[in-house]
Amino acid sequence: MVKKLALPAVGALFAIASLILVACGNPGNMGLCVACFLRDTAGALGLHGAEAVQYARPEIIGIVLGAMIVSLITREFSSKGGSAPITRFVLGACVMVGALIFLGCPTRMVLRIAGGDLNAIVGLFGFAAGIFGGIFFLNKGFTLKRTYTISKTDGFALPVMSLLLLVALLFFPMLLNFSEAGPGAMRAPIFLALGIGLVMGGVGFISRLCFVAGIRDSAFFKNFSMLFAFVALLVVATVGNIIMGNFNLGLEGHPVAHTDGLWNFLGLALVGLGSVLLGGCPFRQVVLAGGGNTDSVTAVFGMIFGAALAHNLSLASSAAGVSERGPVGFAVAAVLMVGIAVYNTFFNKDKKAGKV
C-alpha cells in the first residue's frame, strides 16, 4: 500500500510546490517548468539575447543539488557516461526546440491543463503521439549503447557548476543578465525557489519521477504506477488553481501560451519522441545529471544550447503565436531526431545497450 501511494504523493507534492512558486512570483502555470527555466538560465549566462527570458533560476540549481545530496546519502551517486554523447546533445537540443514551440516542457503541459488551458490538452495528444513513436523504435531495438563507469570528477561537474552559478546569483549578480520585464522578471524569492528545487530534486531522485514514463511504461511495460503520479499532479494542481482563483477554462487568456493547435501538438510530439530516445523527460534528465550521470549532463547541455539557438534564430514561439521561422526549426529538429532513431534502430548493428 505504501508503494502504491508513494508516486501519487510525489505528484501531489510537485503540484503543491508549483502552486507555491506561482503564488510567490513565478509566471502563471509555470511553477516548475524545466525547459522554461533552462531557457531563462541560458539567457542569464548571455547565451541568447531575448531580454524577457533571462534569469538564473534557483529551481534548476536546487534540483541538481538536491538530487546530488540524496544520491550521496543513499549511496546511489554514480559517475557514469559515454553513451553516444554527441547524439544525446543533439537530441537534447531538438527536445528544447519542440518545447519552445509549445512554450513549455511536459511539466508545464500538466500545469497548463491544471490552469484550464485547453491548448495544453492538444499538446498532450501530441506528447502521447511522440511517446508512442518512441515506443515503436524501442520495440524495434533502438539503443544508444551502454554507459561506462567514469571518474567521480566528471560526475560532480554539473553540481559544482550549479554551486558556482548559485554563488554568482547571490554574491556577484553583475556577472549575470536579469530580465526587467516579461516572464524572466517574474520570480519567487531566491531561497524559497532554491529550497523547493532541493526538495523536488531529492524526491525526484528517490521516486524516479518522469513525465514520459507515465505514458511509456503504461504502454510498454503495463506498469501504471508513474501514470498515477501524473494524475495526482493534475488533480491537486487543478484544485489548487480553483481555490486560488487561477483557473480559466478555455483556449484564450492564458499566461505565456499561444492558441495554435497544430504547433502545440507538433511541438510536444517532438518533446515526447526525443525524451523517449533519451530515456527520460527534461526533469528526469536534470535529476539524473545531479546524480552523476554525464550522459544526462550532455542532454541538459544540449537543451541549454537548443534554448539559445531557438531564441537567437527566432525559432521559439511567443504568446502571440508561432514565429515565422518556428516551422523551419521544427522540420530540422524532426529530421535530425527521426534520423537518429532510424539509424540507431535499423543500421547500427553493434548494440550493447546500457541503462540510463
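User: Let's start with the second largest pocket: which element gives the largest share of its lining?
Analyst: That is α8, with four residues. Bear in mind that this is a predicted model, where local features need pLDDT of at least 70, side-chain atom pairs count only at pLDDT 80 or more, and totals for chains, interfaces and linings use all residues. Residues are numbered from 1 along each chain as its sequence is written, and side-chain values use heavy atoms, with hydrogens and water left out.
User: How do you define a pocket, and a cavity?
Analyst: On a 1 Å grid over the protein atoms alone, a cavity is a set of points where a 1.4 Å probe fits but cannot get out, while a pocket is an open set with protein on both sides within 12 Å along at least five of seven lines; lining residues have an atom within 4 Å of a point.
User: How much space is in that second largest pocket?
Analyst: About 220 Å³, where a volume is the space filled by probe spheres set on the points, joined across faces, edges and corners. Of its 15 lining residues, T41, L158, L165, F301 and I304 are the closest to the centre. Two or more residues each come from α2 (34-44), α3 (58-73), α8 (157-171) and α14 (294-312); helices here are DSSP runs of H or I, at least four residues, numbered from the N terminus.
User: And what classes of residue line it?
Analyst: The lining has 13 nonpolar, two polar and no charged residues. Nonpolar covers Ala, Val, Leu, Ile, Met, Phe, Trp, Tyr, Cys and Pro, charged covers Asp, Glu, Lys and Arg, and the others, Gly among them, are polar.
User: How many cavities of 30 Å³ or more are there?
Analyst: One, from a search of the whole structure. The largest cavity has a volume of about 50 Å³, and helix α11 (residues 225-244) gives the most to its lining, four residues.
User: Switching topic: what does D40 pair with?
Analyst: D40 forms salt bridges (a Lys or Arg side-chain nitrogen within 4 Å of an Asp or Glu carboxyl oxygen) with R39, closest N and O atoms 2.7 Å apart, and with R57, at 2.9 Å. R57 lies in the loop between α2 and α3 and D40 in helix α2, so this pair ties together parts 17 residues apart in sequence.
User: Are R57 and D40 buried or exposed?
Analyst: Both are buried, meaning under 20% relative accessible area with a 1.4 Å probe, protein chains only.

Technical notes:
Buried means under 20% relative accessible area, exposed over 50%, partly exposed in between (1.4 Å probe, protein chains only).
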